[in-house]
Amino acid sequence: MAEQTGIPFVDLVTPHLELEAELLEAIRGVLRSAGFSGGPIVGGFERDFANYCNVSHCIGVSSGTDALRFALIAAGVRAGDGIITVAHTFAATVEAILQAKATPHFVEIEPDTFNISVDALRAYLETHCYRSDETGLPVHRGTGRRLTAIVPVHLYGQMCNMDPILAIAREHRMIVIEDACQAHGAEYFSAIGGRWKKAGSMGKAAAFSFYPGKNLGACGEAGAVTTNDPAVAERVRMLRDHGQNKKYHHLVEGYNGRLDAMQAAILQVKLRYLDAWNAKRRKAAETYNKLLQFVHGITTPLECTRWSRAVYHLYVIRSQQRDELQRHLNGLNIATGLHYPIPLHLQPAFENLDCRDGDLPVTEQTARQLLSLPIFPHICEEKEAEVVTAIAGFFSDGKRKMHGNAASPAMR
């Protein structure tokens, strides 16, 4: 790991130093080609990432937000539609839905994986909606809005329970667009398909972000849409490039959302190392799990190993004394993160959605209790042990409240 003071939350320096020669050669290739926007370099990364995700098409775009917005529009979401998703995610999930001129409808998350609750999804459609005789789509009883899509967010590097989500979507004639922005390389065992499937390969389309801190990160902003649907792929290609199918032929109203060749070249180099980096993240998570198992006052993340191979974009613990614990760790120069302390349904930016405190009690409690610990491919066991020692010290120094653990033992 690069020289640091204390323990950083993420280390973006070391992998770039290790790959410096390869990255510089890739950048030189872009400079020599002068093909800075689109062209064979972008196409090469798109081909490689499509193969990695086991899909037919990858379309590079300028950010994960653009990826989700373009995927929704290209898959057929129309102005006025309702989209079911969660409030425990980054704001871009909701921004993309709103920018597609649709409206988010929030459902609860699971209290242990923090991903969308299948039971809550099913209950929402059964109790808040009725089936349209004309289209077969669910219609929200309160607003009369038709619900056309579900956006499951594969949060923190673990995929949602996709088989039942897809079954519910088929039953209600809805489409599924995966928000895979934190799940590069994560896998799900589909009992229906009888095999492991990569994030980004199970819905109608999926959105990826390559923001620098992601498991596969650019050196700037970048994103991609993956899909097996050629019509969706072609429409995303037009949407990202001002609605053109060829130069100066604008078939639809589009955007300036292209992936630039410099970022594509960097991503193509890094993609070759993604599986190794993910394996190191999983090893780091296993070390945390082992060291934290005897620390009272926190709950470690649950990975549903029967159907999940998580890639630990974040390692998130739960504690009723989250804020005090974070201050304690920060005082020891151990950096931590809060993901996400204010649920989206309570954010001022989205107050026009008419949501209230108490609408999503599991989500709201989760937001008050989660703390993200340092995790990245090059973190060593000694640093993890230092983090755990500091956490154990916080609870053993009389700072722990008498009522004990933050959540149900079943979450361990």
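A salt bridge is a side-chain nitrogen of Lys or Arg within 4 Å of a carboxyl oxygen of Asp or Glu. The model is predicted, so local features need pLDDT of at least 70 and side-chain atom pairs count only at pLDDT 80 or more, while totals for chains, interfaces and linings use all residues. Residues are numbered from 1 along each chain as its sequence is written, and side-chain values use heavy atoms, with hydrogens and water left out.

Me: How many salt bridges does the rule give?
Reply: Side chains of opposite charge can pair when their charged atoms come close. Under the rule stated above, the count of salt bridges is 16.

Me: Is R322 buried or exposed?
Reply: R322 and D323 meet through their side chains in a salt bridge of 2.6 Å, N to O. Buried means under 20% relative accessible area, exposed over 50%, and partly exposed in between (1.4 Å probe, protein chains only). D323, at 35%, counts as partly exposed. Because its relative accessible area is 5%, R322 is buried.

Me: How many residues apart in sequence are the parts tied together by D241 and R258?
Reply: The side chains of D241 and R258 form a salt bridge at 2.6 Å, N to O. D241 lies in the loop between α8 (230–240) and β12 (244–246), and R258 in the loop between β13 (249–250) and α9 (261–271). Helices (H or I, at least four residues) and strands (E, at least two) are DSSP runs numbered from the N terminus. The pair therefore ties together parts whose separation in sequence is 17 residues.

Me: Which residue forms a salt bridge with D354?
Reply: D354 counts as exposed, at 51% relative accessibility. Its closest N and O atoms in the salt bridge are 3.6 Å apart, and the partner is R356.
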